[in-house]
Amino acid sequence: MAESSLSIKYADLQREIGMEVGYDRNPSNWTAQQTADVDHIIKQALRSVYRPAPIPGATVSHEWSFLRPVTTITTTAPQTAGTVTVSSGVVTLAGSTWPSYVTDDATQAELVVGGSTYPVGSRQSSTQITLLDTTVTAAAGSSYTLRRVWYLLHDDFAGINGPITYDSDFTRYQGIEERSEADIRVARQNDNTANKPFYFAIVPKAEVESTTEGQRWRLTFHPIPDAAYVLRYRYNRSPETISSSNPYPLGGEVLGEVILSACLWE
């Protein structure tokens, strides 16, 4: 679908701001510092538009619907294919491979073997993982169940907005209600069997992958899902700035003049 010809874009804002502050009309003639100054103005303006101050007489800010998108997430069915050998917490898989969600992110998954459940600490290869408990052992050819505990949410996730519901194929199921992470832990102590989820909790992702990554969030369910369920939810979006490679601000043509006015005000 073509973008509206009336939509404002990054180059338009650059040019208008440049004329306002006395820069050359052509941004390609700007110095690096002038470009940085204009980008700073655009960021400030976008923040003021996307998160506006309450209007006189109101106690809360306006919430833009385009910053509350609806999306889906599909739960992961437990894996039982193949057999394992466990030695000093190192789990070697035969007859299958570990799924890609099993990463160095601790407790992303848990392994059920020998009637007990153990968090996974790290993944060395497609056939080898290490449990957090390095005292665990199991004979070659042991059956197992690998279950996904955590689901990383969108990079732009900034909070849930309402319940999580089963998608159209699962209309016979009730929605999934939000609970605290502590409630989920207590519930799992009483019953840690996999089943259709009734509750969810969202917590900050404690580990930061690099110094260039900001806060991320992750989701967990109770019970831990026993199948691949398509779930739908609305979330609060943390918007990005615009650039030459990402030229159109959120909000579309309707907010074009508002964003331009905010830039000139800044």
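Which residues do ring pairs link into a cluster? They are Tyr50, Trp64 and Phe66. Here, rings of Phe, Tyr and Trp (its six-membered ring) pair if their centres lie within 6.5 Å. This is a predicted model, where local features need pLDDT of at least 70, side-chain atom pairs count only at pLDDT 80 or more, and totals for chains, interfaces and linings use all residues. Residues are numbered from 1 along each chain as its sequence is written, and side-chain values use heavy atoms, with hydrogens and water left out.

**View 1. Helix 1 crosses helix 2.** Let's begin with helix 1 (residues 10–21) and helix 2 (residues 32–50), whose axes come within 10 Å and cross at roughly 110 degrees. Helix 1 is therefore roughly perpendicular to helix 2 (angles under 35 degrees count as roughly parallel, over 145 as roughly antiparallel, 65 to 115 as roughly perpendicular and the rest as oblique). Tyr10, Leu13, Gln14 and Ile17 of helix 1 meet Thr35, Val38, Asp39, Ile41 and Ile42 of helix 2; contact means heavy atoms within 4.5 Å. Helices are DSSP runs (H or I, at least four residues), and strands are too (E, at least two), numbered from the N terminus.

**View 2. Phe157 and Tyr235 form a stacked pair.** The structure holds eight aromatic pairs. In this one, the ring centres of Phe157 and Tyr235 are 5.8 Å apart and the planes are at 20 degrees, so the pair is stacked (planes under 30 degrees apart count as stacked, over 60 as edge-to-face and the rest as tilted). Phe157 belongs to strand 10 (residues 157–160) and Tyr235 to strand 15 (residues 230–237), 78 residues apart. Phe157 is buried, with a relative accessible area of 4%, and Tyr235 is buried at 5% (buried means under 20% relative accessible area, exposed over 50%, partly exposed in between, with a 1.4 Å probe and protein chains only).

**View 3. Tyr166 and Tyr229 meet edge-to-face.** Their ring centres are 5.6 Å apart, with the planes at 85 degrees. Tyr166 lies in strand 11 (residues 165–166) and Tyr229 in the loop between strand 14 (217–222) and strand 15, so the pair ties together parts that are 63 residues apart in sequence. Both Tyr166 and Tyr229 are buried.

**View 4. Thr75 sits in a loop.** Look for Thr75 between strand 1 (70–74) and strand 2 (83–87). Thr75 is buried, with a relative accessible area of 3%. Not counting residues up to four places away in sequence, Thr75 touches several residues, among them Tyr151, Phe221 and Tyr229.

Methods: Axes are lines fitted to C-alpha atoms, for helices over the stretch in contact, and angles run from 0 to 180 degrees between N-to-C directions.
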